[in-house]
Amino acid sequence: MSTVEIRDLRKSFGELEVLKGIDFTVEAGQVVCVIGPSGSGKSTLLRCVNLLERPTSGRVVVDGTEMTDPDVDIDAVRRRLGMVFQQFNLFSHLTVLRNVTIAQERVLRRGRAEAERIARENLERVGLGEKADAFPAQLSGGQQQRVAIARALAMNPSLMLFDEPTSALDPELVGDVLSVMRELAGDGMTMMVVTHEMGFAREVADRVVFMDQGVIVEDGPPEQVIAAPRHARTREFLSRVLHPEG
Amino acid sequence: MTAPGATLAPHRGLSPRDRRRLGRGAQYVVLVAIVVALACLADWGAIKQSFLNTQVMSDGLPRLFTVALKNTVIYTASGYVVGFALGMLLALLRQSSVAPYRWISATYIEIFRGLPALVIFLMIGSLPLAFPGFQIPGGVYGQAALGLGLVSAAYMAETFRAGLQAVPKGQMEAARSLGMSHGRAMLSIVVPQAIRIVIPPLTNELVLLFKDSSLVLFLGVTAAQVELAKFGNDQSSIFANPTPILASGLTYLLITIPLGYVARRLESRQGGAR
Ligand SMILES: Nc1ncnc2c1ncn2[C@@H]1O[C@H](COP(=O)(O)OP(=O)(O)OP(=O)(O)O)[C@@H](O)[C@H]1O
Ligand SMILES: [Mg+2]
C-alpha cells in the first residue's frame, strides 16, 4: 500500500483551476521532492494531502484512509501527518517545549511527563535541546524551523510534508535545516518536500516531480529529472533555477 | 543659487524666526493674564471652605475608601468579568459558520453600542416586569455586574474580533495540521494569542468601565452598597458642601490615571515588539 495515492486531483479557487488532474503516489520510505515555478500549484498539492485545502474533485488516499470521503475523521488522519511550513508557524505564545508538547497532550492524550520526554528527545534530534525554555521570537529562523520539525516529529507521523522549509531563511541558516531533513530521510521517514534546493533534491530524493501550471510534467529519479530532463519546460525551469544570472 | 527669489529682502529687520518668537511670547502673556484674572476673581476663602473643607473631609474619609472605593472596584471587576466572557462569546459567534449566530452577535453589538449606558441601567431595574418572579441573583451587585457587563461586552466583542483577526492564519493551520480540532485550536492557540494582542485596548476598557460604574447609583443602593459618585453626592448633600464630590473625583483619578498609563505603556511595548 502506498503512503500517498492521488488520483485525478483537481482544485479550483473560484474560476482559477490550480490543479488540473494530478496522478501521483508516494511509497512508504520514499522521499519525493516537488519542484516547479511559482504559482504552479506545489503548495496547493501538498495542502490537499492533509486537507488544508479541500480538493474540488479526485481521490486522495493517505495511509489507507480516503481523505476525500466526507465521513472521514480528518483530525484523526492529520495527527499521523506532519507538516512544516515556509513561515515556521510556531505558536508564538508558547515556549519551545510547550510548542512540542501541546498537541501530544491535547490530541494524543499523552501525559505531561511522557510528552516532555518525547519533546526533549526530538529537540535533541534537531540539535536544540538547550532551547526548550525559549520563546519562538528569541530563536533564529533556522532554529524556529527545526523546532517546527521537532513539533511534527513528536506526533510520530507516518508522512512528513515540507512546503519550502528553507525559503524564508537567511542563506547561512539553510544548511542546518537541510541536514536535519537529510538525517530524517536517512532514518527512513516518508517525505514530500516542495523545495527550490536542487542540491538537496539531487542528493536526498528518491523521486523528483516537476510541476508546471497545475499538471505534473515530469516524474522520475533525480538523475533523470534534474540531470537529464526530457521535457523542454523542465529544462527551461532548471536552467533558470541553476543559473539565475544567465 | 542666483535666482531672483533668493534676494528676498528681510522685512524691516524682523526675520521669520523673530516673528515666531514674538508670537509665542504673546501667547504666554495671554495665558498669564487669564490665570491672574481667575486668581483675583476667585474667592479663595470660599474655595477652601467649599472644596477643601477638612472637617467635611474627615467625616467621610475612611468610608470613602473602605466602602465607596471598595464597592466601585467590586462593581467594575464583576462587570468586567461578565463583559469579558460575553464579549469573547459574541466575538466567536460573529465568526460562526451558522449564520443566525452571526446575526445575533452583530445585532447585539449594534444595539448595545448605540444605547447610552444609563438607559441600560434603567432597563435592568424593570427586567422583572418582563419575567415575573425573575430575580437577578446577587441583588444590586448582580444587577450592577449584569448592567456593566452588557454595556462593555459590545465593545469588548469588537476588540476581541480585531484580535482574533490579527492572529496569523498560519497559527490555525499549524494547529490543525497537528490534528487539533477547530475548537481545540481556537481554545489553545488562537484565543490566547488574540487576548495578548488586545491587552492594551482591554485595559482602556477597564478605565471606561471604572467610570461607568457610577451608573450603579440608578439601581437604588443602600449605604453599604454605595459607590464613589453617589457617596460623594450624598456626603455633600448632608453637609451642604461640595468637598466630598471633589474627593470622590480625585479617588477616580487615583485609579484611572495609573491604569491609563499602564495601557499606553503596554501599547507602545507591543508596537515595538511586533
Ligand atoms: N486560497 C487561495 N485562494 C485563491 N487563489 C489561491 C489560493 N491559494 C493559492 N492560490 C492560487 O493558486 C495558484 C497556485 O498557488 P500555489 O501556492 O499552490 O503555488 P506554488 O507552486 O506553491 O507557488 P510558490 O512557489 O510561489 O509557493 C496561484 O496562482 C495562487 O495565486
Ligand atoms: Mg508555495
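This is a predicted model: local features need pLDDT of at least 70, side-chain atom pairs count only at pLDDT 80 or more; totals for chains, interfaces and linings use all residues.
Residues are numbered from 1 along each chain as its sequence is written, chains are lettered from A and ligands numbered from 1 in the order in which they are written, and side-chain values use heavy atoms, with hydrogens and water left out.

## Around ligand 1

The residues near ligand 1, meaning those with a heavy atom within 4 Å of it, include A:F13, A:L16, A:V18 and A:P37 as well as A:K42, A:T44 and A:E164. By class, this shell holds 4 nonpolar, 6 polar and 2 charged residues, where Ala, Val, Leu, Ile, Met, Phe, Trp, Tyr, Cys and Pro count as nonpolar, Asp, Glu, Lys and Arg as charged, and the others, Gly among them, as polar.

| Residue | Atom of the residue | Distance to an oxygen atom of ligand 1 |
|---|---|---|
| A:S38 | polar side-chain atom | 2.6 Å |
| A:S40 | backbone N or O atom | 3.2 Å |
| A:S43 | polar side-chain atom | 2.6 Å |

Taken alone, ligand 1 exposes 630 Å², of which the protein buries 60%; these accessible areas come from the Shrake-Rupley method with a 1.4 Å probe. In chain A, β2 (16-26) and α1 (42-49) are the elements that give two or more residues to the shell, and the largest share, 3 residues, comes from α1(A). Such helices (H or I, at least four residues) and strands (E, at least two) are DSSP runs, numbered from the N terminus.

## Between chain A and chain B

Across the interface, 22 residues of chain A are in contact with 17 residues of chain B, contact meaning heavy atoms within 4.5 Å. The two chains bury about 1,700 Å² between them, 58% of it on carbon and sulfur atoms; this is the accessible area (1.4 Å probe) that two parts lose on being put together, summed over both.

The chains share 2 salt bridges, each a side-chain nitrogen of Lys or Arg within 4 Å of a carboxyl oxygen of Asp or Glu. One of them joins the side chains of B:R176 and A:D75 at 3.3 Å, N to O.

On the side of chain A that touches chain B, α2 (74-78), β6 (81-84), α3 (96-106) and α5 (141-153) each supply at least two residues, and the largest share, 3 residues, comes from α3(A). By class, that side has 12 nonpolar, 4 polar and 6 charged residues.

Terms used
A polar contact is a pair of N or O atoms within 3.5 Å; within protein, one must be able to donate a hydrogen and the other to accept it, and residues adjacent in sequence count only if both atoms are side-chain atoms.
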